[in-house]
Amino acid sequence: MINTVVEQFPALIVTTGVFSAFTILILGLLSRKICYYIVLIVTAFHFILSIFTLQHVLTKGRIHYWFGGWRPPWGIEYVVDELNAYSLIVILFLGLLGIIFAKRSVEKEIEERKLPTFYTVMQLLISGCCGVVVTGDVFNLFVLAEVASLSTYALIAIAGGKALRASYNYLILGSIAICFYLLGIGFLYAVTGTLNMIDMRIILQNLYENKMVHVGFVLVLVGLGIKAAVFPLHTWQPDAYTYAPSAVTLIMSTVVAKTFVYALIRLIFSVFTVNFLELYINAWNLVPWLMGVAIIVASILAYRQNNIKRMLAYSSIVNVAYIVLGISFFNSQWSLSGALVNILNHAVAKGCAFAAVGAIVYKTGIKDVGALAGLANKMPYTSGALLISMLTLIGIPPSAGFVTKFYLAIGCLEMQNYLMLAIILLGTLLTLAYFLRVIEQLYFREGNSTQKEEVPFSMLAPTMFLAILCLAIGIFWLTGIPLEFLKKSITSMGVIFR
Amino acid sequence: MNPILGELTPFVAVLTPAIASLLILISYKNPNIRETWTILATIVTFTLVFSMVPKILDGETMEFVLFEIIPGIEFAFKVDAFGMIFAITSSSLWILVSLYSIGYMRSLEEHAQTRYYFCFAWAIASALGVAFSKNLITLFVFYEILTICTHPLVAHEESEEALAAGRKYLLYLMTSGSFLLAATMITYVLVGSTDFKAGGILSLDSASEIFLQLLFVCYILGFMKAAYMPFHSWLPTAMIAPTPVSALLHAVAVVKAGVFGVVRIICYIYGIELTSSLGLGIMLAAWVSFTVIVANMLAIGEDNFKRRLAYSTINQLSFIILGVSLLSPMAIMGAMMHITFHGYMKITLFLCAGAIAVVTGKKLVSELSGVGKQMPVTVFAFTIGAVGMSGLPPVAGFIGKWYICLGAVQSAEIFNQPIFLTFILVVIIASILDIIYLLPIVKSAFFENPKEEIENKEFGRRLYFFMLVPLSITAIFSVILFIFPDIFSLIELAEVAVDEIYE
Amino acid sequence: MIEAIFEKFFQHYNFWAAVVIIFIGIYATIAKNNLFKKLLGLNIFQTGIFLFFISLGDIGSLETLGIGDATPPIIWKPAEERGYLYVNPLPHVLILTGIVVAAATTCVALALLIRIHKEYGTLEEDEIIELEAIRGD
């Protein structure tokens, strides 16, 4: 009995999410205060459901949910395996913390009359992202990705001013991206006649030599690459992160970014499979080199930034490059583990960093690194969280970032790619270089006031919680308990090791 | 006597300073309680460490596996004789330096003292972690924490110069950390393990000869904390830190972690046989011999008191590495013991330098004339340290140098290469240079007349007592270690370690 | 020879039209300076894709292209047994959804454009960048 109930959860999360978005809109007419609590409760509820889902997946195996009882390939199917369930938890967890953080931050940055719409769109965003993660249908993925993307455009633009152009740029590039994806799906549909991922995977097996499939693959890759801000397709991202309201940046950098990274991994491994990549290994081998360039260039760009949010945005590009680097060495279990691990690690660390920066902006309005001087005395807890998150992003053991670096290093060595190992380690040093600027300002320079002024508890709590998680998750991965889970997830991606 | 907490002891010993650091952070409002935590932690840690000695002397080792990170790599602690030497040195000196810190920091009314004690405790925790690591990964974790948590101590002054020093410090040491991680991972991929095993885990079957040699270079670069030339310049720069930091961390914990790592690599990862068959021993010996002599020459020309001592540290560190790279039992024994001896002597020198700076405000060697009349006890302690540094009896430094010279003779016999005898010459030249740059300080302090009027300031200050006692104790110990080197079972421990390596 | 090429070209003229429209759209989206024209370009791009999808529904024409191994969802018979041409309805359904999405995108974009025009008084990108630079952060 309970099993059949759990199998409804993925669909339930998406549908109730979308439903609650409209509820908020209507109830917002009556009371503006209630909107926040609806989003909070619904997302918390979804988070609990996602934990049950993961538990079910781990013990009973994959969940298949057929919409309207239509059998695939005709109907839309939601499939949840280890990778989905893991991504779903990451997204909902960070979404939840982001919403808790958003309340006070948004009250300050956004006009009160816009609050109901803000929370409506926020709820749509999170539901859209959940949808992308649980769906097993490539076209459904397109629709839900658009739900999430359109919400994101609106949320960025809510800040007004420079955010408008940033949002518009993102809209144009994001739409081009999603159109590329759609076109790619068109090509694949033309040769396979199906939109179901599992079905498509089976039919594609005999068509790897087909030119239509090649075009489709490239289009899908480029489309999702733009969405996930994979270098050099990241151009929209720094502006969008910089000018969006703090709470939105927090959600974008964690929830939205990770959603599209998931989609990229899912499409590459579950639809096209490793065999396809192996067939064109020479072309695919360019990817790690491109990511190597990405790590170095984006780090240097980050070093040149004065705006701290922009600096963190470039750091996100570096981290996405780590993930793509990880999946590009698909023959190494450790490399893929590094990529999967970094989905959570980077979400937590970057979430913490953006939350702390959001808190600083909330209290002092400071946006430039140079103005941070002496803030450690003024806001000790926020500064502490920012420090920990930065150390995590640098990859100091035993933080979560170290685990990513550690797994990727073994992966590179297994592939005998010594130069890439050097680049990863160089990336660490460059990360240190740009974050050291911030840390020096925070801790080693005199500010003008030493009066303690912390942010409200509802902002401080998620920030501190994420900071603790940066370390706790790192230690959790290091204990070796999750290795079995990682291995299962990789297998569920369709990678089988000889 | 058994270790107090059984197998858990090494873990708890590492954990104690870490927990203390949190307590220090919590009680930032009340300096007296804060300092009580520090002192308590020092004593508990030392007791824990020392309680393990008898078991180690019986030739046993203790292991505590916390968890397995990936197959073949555990996060684990292991206590063996060599690790014990390093642990005893750092934990015993921590007690003294903590007392000294209280006097020093309060005399100068330094800012951010909570941060200072917090980072200091973490530095000790990670130094002990390095000492008790079972494998390279565990060592790497603590090695990196050591780098990070000592950065705030270097940049403590918060001036532009101090921040620049901090940046340089991180640049060198984090780069070295990257090399260490790379080398560690390569070792793991080659042999599926990174455990320290007496006799080594690598062999000629693991990879080609040239690969192993390059890997060795990678390891040596990974232990840049040993401050060999040409990668030494971070150490004199880091001397801008408060004196207790320079004393404990940049004469004992941090730099010795580097040297410790080099010994671990040669004796426990490569093994003596492989190192000598690859010809790495003699190459490394030649390299560090260069450092031994050049560092001393640079010390002669340096006027800043603490920087001069830093060059002396560089010299002595390379001297220890020289001992190991001779690859004979005597030389390795000498090198291991010299870690402790040098720790005690150099800390004496630094504590004296700090005391002089606090009382008279003098930081340059050329200003020191007549200080001996103001602060006789301090300068006398300094004299003991200086004599020991130069390798003259009756101070412990003599024993280390003696063993290493014997080791050179032994190497010449074992490997049938008379070239090893030239390293005796290196030791002698280095000792002469030591005398040239250290003893004139003593001479001018005692026998020259100061420019201003003389006044005995030593006993006037209440807080100064906190500084005088530790530096007297370290000076006395430097002599005691010569007369009874076995006071911390040092020779026995070194013997056990060497027996293990040559089994 | 030339005739054969012509024949092949005209047989699938709808695909060629889609390609042309798509490229016009992408060009306008990327190259135009006016933000509104960018949006128009985007719409043209999307229209091209819709045309492409709908053309896919024409199973017969696909088979002559040699890529018609698709499994049409309604009728299971292979082409020889079928003996007649039919149009696959699924792409039409997909494109209905696609049009809705495109319309939504356009709505959001237009709303943004109104806000931008209110804020800066222009929709020329270079002018907006200049204005932003003058205003500072």
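In chain B, the axes of helix H1 (residues 9-26) and helix H2 (residues 31-51) come within 9 Å and cross at roughly 175°. The two helices, H1(B) and H2(B), are therefore roughly antiparallel (angles over 145 degrees). Helices are DSSP runs of H or I with at least four residues, numbered from the N terminus. Axes are lines fitted to C-alpha atoms over the stretch in contact, with angles from 0 to 180 degrees between N-to-C directions. H1(B) contributes residues including B:Val12, B:Pro17 and B:Leu23 to the contact, and H2(B) residues including B:Trp37, B:Val44 and B:Leu48 (contact: heavy atoms within 4.5 Å).

The model is predicted: local features need pLDDT of at least 70 and side-chain atom pairs pLDDT 80 or more, whereas totals for chains, interfaces and linings use all residues. Residues are numbered from 1 along each chain, chains are lettered from A, and side-chain values use heavy atoms, without hydrogens and water.

| Chain C with chain A | Value |
|---|---|
| Residues of chain C in contact | 46 residues |
| Residues of chain A in contact | 38 residues |
| Salt bridges | 2 salt bridges |

Chains C and A bury about 3,600 Å² between them, 75% of it on carbon and sulfur atoms; buried area is the accessible area (1.4 Å probe) lost on being put together, summed over both parts. One salt bridge joins the side chains of A:Arg165 and C:Glu125 at 3.7 Å, N to O (a Lys or Arg side-chain nitrogen within 4 Å of an Asp or Glu carboxyl oxygen). On the side of chain C that touches chain A, H6(C) gives the largest share, 16 residues.

Conventions
Angles under 35 degrees count as roughly parallel, over 145 as roughly antiparallel, 65 to 115 as roughly perpendicular and the rest as oblique. Buried area is the accessible area (1.4 Å probe) that two parts lose on being put together, summed over both.
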